[in-house]
Amino acid sequence: MMRLISGMAGCGKSTRLREVAARTGQIVYRTADGTFERFAFDLLRGFATDGQRELIDEVDASALFERAAEPLFKMEWADLIDSRIDPEVPGLRMPQRFLEAAFRLIRKLHDAGITPSSFLDLALKGAAGFYARPPNLAHPDLLYSTKDAYRNSLDVDASELQRQYRREVDLAKILERLYRSYLELLVERGCLTGTDAIVEAAEMLRSAGTLAAARAKFPSFFLDDAQELTAGGLRLLQALYGEKLDGVVLAGDSQSATGTFEGARPDRVFAVAAQREVCTEQHRVPLMIERAARHLLGNEPPATGLESGQLTLFRATTPRAEEAFIAEQVVDFLKDGADPRSIALLFRSVQNIRAYEEALWARNVDVQVAGDLNLFTVPDVLDALALLWNVYDPFAHDWLLRTLSGRLLGLSDATLVALCAEPENAQGVLFEEIESEPRGRWDRRRDVRLGWNVMRVEHGSNLTPQARDRIVGFRVLLEQWKEDRKRYGLAGLARKIFSEGLARVGDPETARATSQLRYLGRLVHRIELYGQQHQDATLGDFLEYVSARMNTNLEACEAQDDDNCVRILSIDAARGAEFDHVMLPNVRAGSFPRYYVPDAFLFSPSLGMIAKENVGDARAARTAKFSYYMFRAKTRDLYNQEERRAFVYGMRRTRKSCVVTASERPTRGVAAPEFLTELQAARIPGIVDISDRWNPSNAVWRAQ
């Protein structure tokens, strides 16, 4: 029978699970760090008979999905050519957004074990059931809960519902075709994601021989953070250990689930447990902070707990003041003897936290960022990538301009204007092929002029002597680096270019200089990994790889435990961690919690496809079915509840103190809750609110 170790955050569930696992000599897997997905992939690699598969990440998978969708956007499908499917379906007017929504939906369908054919069957049945007998769209509660701007979506007649029905059926057929094409492309390329590995491993274990061998190798299984286990993960464990999960020990807390909108199913997972062990003694979270956490969740306050601890609230008048307050609080912790690694700034997302980094750097506080940060969008990394582009293609003018105006050359705007203009001693031979074409509004010479002026033209009085010297020196470096491409591998070439061509930021040994080196080290590490995976890759191949990843939200940076610095983490990156001091900045509606923004279309096993946009000859912007589903399913309320759990999870990462901050005036908390306002209004004894009692000191941290 399955054993579940549960309890509130900080009560020792993970420690207890490790103790139980140690008795059997087994390791503990986790849903949050990818080890469970790796377990599934190792199962496939060890027992599958259909050849080796390559494990890819979600970014590569989304690129494959876009390739599978190319025939759709090129109008090459026979159903589109024969007009059996109308291409004017919800979301398709914006191809990129359509692809992102379709990819997310198809990943969830695959994890749930819904095949393309069963998806289409459910979608058609759901559409027929809804439109054949539509609900009462004039119900007062439905009208009241629908925004004024979208209330006209409920004012529909039979002909309008029939039109929306046809669009929905066409959308379902297109998605089914995309789903099938994507799976076929994965098989053709011999690759799969971690989610795919879980699904295929469960399917593989249907073979009695494979199941017996796998069960002999893994007689028991221990999984932490089980509240984040998806339907696919549960199906894999049940395929290996039976419906009752004999030999499985899980640890988790349903109130810590922050991935239900990504597919986590804690209710299904915990319902299987036949034996429960509840940990009740608090080992981490101070009593005052636990009281605040339970207040936000609507739970009864604890009667006893750890008496030490402090919860501080602060609302600044401007974002800059909030950033300064956070930085000075960190300096105060450090001056009081706190280990930098015991201090963490936790955000819902770390994609836009540059201002907080700069505030900490200004006070000489070294920080490391981990979570959903896209490394290839960090300014220090962009400067380095610009140099690589300059070596590979000096006519990539956006990258060349970044280098010319950056710290290495520091050319003025006037110099850049001169470099983009026709040189005073222009040589006709340089544009011999171009001059043969007549000039018009579009001049091809503009596409190469900056590169030619920098790389070939000898400049006269149009540039200052200092600017000419810098450009000549830059040419020498580029020529040397081009020769180095023949002698160095990718990582070695990058190190040489960065060491010779990048200007250092900040004084040596300062936090800002250290941070630049850390980001460059992460970039070099990515180059090394790419070189290991693609033995014959060129510099151009790597730059193409980077270009494909710069505009995605699926990139992430992992934490490095060996750095002695303050952590800036997303809530997901902080899973399982604990700190002496936790700070939750930017706690305002839209940031933490995030606003609920539904995709262009949703899916329900009972209702089928639910399209948001009402396309074609429509009177309303949204479909009647979408407005009804938002009311019935209460998706925004469920989303806000998950954001609330994520915030409380962040509070409970602390051992000593927690600081919650925001800036500017709060909203009314209608679309999304205002957690700081709720804590201020709770008036829990011991909480300190210094919103009107803080004065900046501009303190600077000087490490000993």
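**View 1. Arg653 lies over the face of Tyr649, 3.9 Å from the ring centre.** A charge counts as over a ring if NZ of Lys or CZ of Arg is within 6 Å of the ring centre and within 35 degrees of the ring normal. This is a predicted model: local features need pLDDT of at least 70, side-chain atom pairs count only at pLDDT 80 or more, and totals for chains, interfaces and linings use all residues. Residues are numbered from 1 along each chain as its sequence is written, and side-chain values use heavy atoms, leaving out hydrogens and water.

**View 2. Seven strands form an open, parallel sheet.** The order is S10-S11-S9-S12-S15-S8-S16. Strands S10 (367–370) and S16 (688–689) stand at the edges with a single partner strand each, so one side of each lacks a neighbour in the sheet. Helix H15 (residues 354–362) packs on the sheet and touches S9, S10 and S11 (566–570). Its direction makes about 165° with that of S10. Strands (E, at least two residues) and helices (H or I, at least four) are DSSP runs, numbered from the N terminus. Two strands pair if DSSP finds at least two bridges between them. Contact means heavy atoms within 4.5 Å. Axes are lines fitted to C-alpha atoms, for helices over the stretch in contact, and angles run from 0 to 180 degrees between N-to-C directions.

**View 3. Helix H27 (residues 675–682) has buried residues Phe675, Leu676 and Leu679.** Seen down the helix axis, the buried residues of H27 fall within an arc of 100°, so they line one face. The arc is that of the directions from the helix axis to the C-beta atoms. These buried residues pack against helix H13 (287–297), S8, H26 and S15. Buried means under 20% relative accessible area, exposed over 50%, and partly exposed in between (1.4 Å probe, protein chains only). Arg683 follows H27 and has a positive phi, near 55°.

**View 4. Phe98 and Phe601 form an edge-to-face aromatic pair.** Their centres are 5.5 Å apart, with 65° between the planes. Phe98 lies in helix H5 (residues 95–111) and Phe601 in strand S13 (residues 601–604), so the pair ties together parts 503 residues apart in sequence. Both Phe98 and Phe601 are buried. Rings of Phe, Tyr and Trp (its six-membered ring) pair if their centres lie within 6.5 Å; planes under 30 degrees apart count as stacked, over 60 as edge-to-face and the rest as tilted.
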